[in-house]
Amino acid sequence: MKPNYVKLVEDTPLPRMALCRQTFAATQVDDPRAAVAEAMQAGCAGKIKPGMSIAITAGSRGLANLPELLAAIVAEVRARGAQPFVVPAMGSHGGATAEGQTALLAKLGVTEESLGCEIRSSMETDEIGVLDNGMSVRMDRHANAADGIILFNRIKPHTSFRAPNESGLAKMLSIGLGKQSGAETCHSRGIDNVGIFVAKMARMKLERCKVLFGIGTIENAYDELSQVVALDSDGMLEAEAPYLQEAMRNMPRLPLGPLDAPSASGDLDVLVVDEIGKEFSGTGMDPNITHRFSSEKMQVHLHISRLVALGLSPLSNGNGNGAARADVITQRLEQDFDREAVYANAITSQVLKQSKIPMVMPCDRTAIQTAIKTCGAEDITKVRLLRIPNTLKLEYLYASEAMLPELRDRPGLEVVGDLQEMQFDAGQLRNPWPDAH
């Protein structure tokens with residue numbers, strides 16, 4: 001029997017939509033393996049000595065060319081006569097278990113077979129020091145026992161704080177290699193202070209642990225590899241900061257507000273996100289795109305009246321972290337929501353709001369109708385609505401009819417499809433996405 005709350009929204013009109021394409025300025029690395037070799041040769045590869053055991057970090061993010069880049073680092077280490085192995089460096093992700101972290105890497109295409117070396121996964125850590133405030137600084141036991149450590153991570157803006165070092169090598173060192181216990185400690189004074197402790201813990205580990213250097217990647221607006229850099233352990237945090245600013249400039253954005261002022265205000269009635277997941281953002285949906293941040297101290301320039309999340313990516317292993325940022329989700333997303341994975345993440349980060357479940361509607365159609373009906377638009381038949389596949393890939397998007405006049409005049413955006421009705425199969429949104437850039 002149909003619930004009464006569904007009857008309240010089922011007559012809500014849905015707008016006609018047109019497919020649009022955004023074009024971003026971008027450079028791309030054609031040969032990731034060659035880029036790794038070049039960065040290491042020009043940088044710090046001389047620190048690798050024959051016979052050394054070298055720990056290489058692998059995180060939980062689905063960054064561009066991840067298996068290929070890691071395999072290239074392994075090959076370069078082995079070519080210099082050292083013995084490489086990979087350690088999962090992802091804090092509490094993967095359900096905060098050694099097996100879960102190995103399984104998460106496998107879903108990202110990172111296995112011992114793809115790497116050509118051993119993966120040593122453990123949640124055991126060693127204390128390598130204590131900060132002035134009494135915080136214990138923890139290091140993955142396998143990495144700490146190695147003769148050298150090579151950090152590997154994508155450099156990009158964090159989703160919850162601003163600092164000279166956000167998501168990148170410093171965070172990989174402080175939180176990723178801290179495992180669950182280290183990540184929990186780093187977050188223990190609240191999300192607004194994480195950037196401070198990322199830097200403090202990273203500096204102590206650089207002083208006391210056998211970190212040789214770091215390999216950082218920067219991606220373009222199409223989620224493609226744009227640059228590979230090698231940063232020496234000496235002065236690493238200072239060297240990483242300019243690459244963070246470059247990554248910020250590279251980020252895509254929704255086509256709202258003036259082009260010459262990316263931080264200027266914009267408004268939207270409804271945003272529909274087809275899929276959330278850990279490979280798109282550590283928070284499932286990137287708040288740098290939606291401006292729905294966990295911290296009230298983050299500056300918000302975009303107001304979205306209603307946000308709908310339709311599904312959870314299979315690669316997330318049930319970690320529905322980020323669903324809480326939506327106003328409405330679907331029953332299929334709720335069914336894929338694994339409390340074990342989400343709660344471990346939320347408790348460790350101490351951002352409990354991340355584990356909440358929004359209003360749940362039976363299907364995509366009723367979820368979108370609920371958002372439209374309650375968005376507060378003066379005329380919901382002219383709703384300003386955008387649909388995106390996820391918050392990582394914004395080349396293609398669907399825009400409602402009411403938005404087309406402003407979008408047609410927007411440089412860098414082309415309306416490439418005719419207006420058409422939203423189409424559903426058994427309530428699930430069907431309009432397909434073309435192959436991206």
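The questions and answers below walk through a few places in this predicted model.

Me: Let's start with two helices. How are helix 7 and helix 9 oriented to each other, roughly parallel, roughly antiparallel, oblique or roughly perpendicular?

Reply: Good place to begin! Helix 7 covers residues 169–176 and helix 9 covers residues 194–208, and their axes lie 8 Å apart at an angle of about 85°. Angles of 65 to 115 degrees count as roughly perpendicular. Helix 7 and helix 9 are therefore roughly perpendicular.

Me: Which residues of helix 9 meet helix 7, and how many residues of each class does the contact have?

Reply: From helix 7 come Ala170, Lys171, Leu173, Ser174 and Ile175. Their partners in helix 9 are Val194, Val198, Met201, Ala202, Lys205 and Leu206. Sorted by class, this contact has eight nonpolar, one polar and two charged residues.

Me: What covers the buried residues of helix 9?

Reply: The buried residues of helix 9 are Val194, Gly195, Phe197, Val198, Met201, Ala202, Met204, Lys205 and Leu206. Their cover includes both strands and helices: strand 5, strand 6, strand 8, helix 7, helix 8 and helix 10.

Me: Now to helix 13. Which helix do its buried residues pack against?

Reply: Helix 13 runs over residues 339–349, and its buried residues are Ala341, Val342, Ala344, Asn345, Ala346, Thr348 and Ser349. These buried residues pack against helix 8.

Me: What is found at the start of helix 13, and what phi does Gln350 take just after it?

Reply: At the start, Asp338 has a side-chain oxygen within 3.1 Å of the backbone nitrogen of Glu340. Most residues other than glycine have a negative phi. Just after helix 13, Gln350 has a positive phi, of about 65°.

Me: Is Gln101 buried or exposed?

Reply: Gln101 sits in helix 4, residues 98–107. Beyond its neighbours within four places in sequence, Gln101 is in contact with Pro88, Met90, Gly91, Ser92, His93, Gly94, Ser121, Met123 and Lys179. Because its relative accessibility is 0%, Gln101 counts as buried.

Me: And Ser316: which side chain does its own side chain join in a polar contact?

Reply: Ser316 is in the loop between strand 11 and strand 12, and with 2% relative accessibility it counts as buried. Not counting residues up to four places away in sequence, Ser316 touches Ile276, Gly277, Lys278 and Glu279. The polar contact, of 3.0 Å, is with the side chain of Ser313.

Me: Asn65 has a phi near 60°. Is Asn65 buried, partly exposed or exposed?

Reply: Asn65 belongs to the loop between strand 2 and helix 3. Buried would need under 20% relative accessible area, and exposed over 50%. The value for Asn65 is 32%, so Asn65 is partly exposed.

Me: Last one: His291 has a phi near 60° too. Is His291 buried or exposed?

Reply: His291 lies in the loop between helix 11 and strand 11. The cut-off for buried is under 20% relative accessible area. At 16%, His291 therefore counts as buried.

Conventions
Residues are numbered from 1 along each chain as its sequence is written. This is a predicted model: local features need pLDDT of at least 70, side-chain atom pairs count only at pLDDT 80 or more; totals for chains, interfaces and linings use all residues. Side-chain values use heavy atoms; hydrogens and water are left out. Axes are lines fitted to C-alpha atoms, for helices over the stretch in contact, and angles run from 0 to 180 degrees between N-to-C directions. Helices (H or I, at least four residues) and strands (E, at least two) are DSSP runs, numbered from the N terminus. Angles under 35 degrees count as roughly parallel, over 145 as roughly antiparallel, 65 to 115 as roughly perpendicular and the rest as oblique. Contact means heavy atoms within 4.5 Å. Ala, Val, Leu, Ile, Met, Phe, Trp, Tyr, Cys and Pro count as nonpolar, Asp, Glu, Lys and Arg as charged, and the others, Gly among them, as polar. Buried means under 20% relative accessible area, exposed over 50%, partly exposed in between (1.4 Å probe, protein chains only). A polar contact is a pair of N or O atoms within 3.5 Å; within protein, one must be able to donate a hydrogen and the other to accept it, and residues adjacent in sequence count only if both atoms are side-chain atoms.
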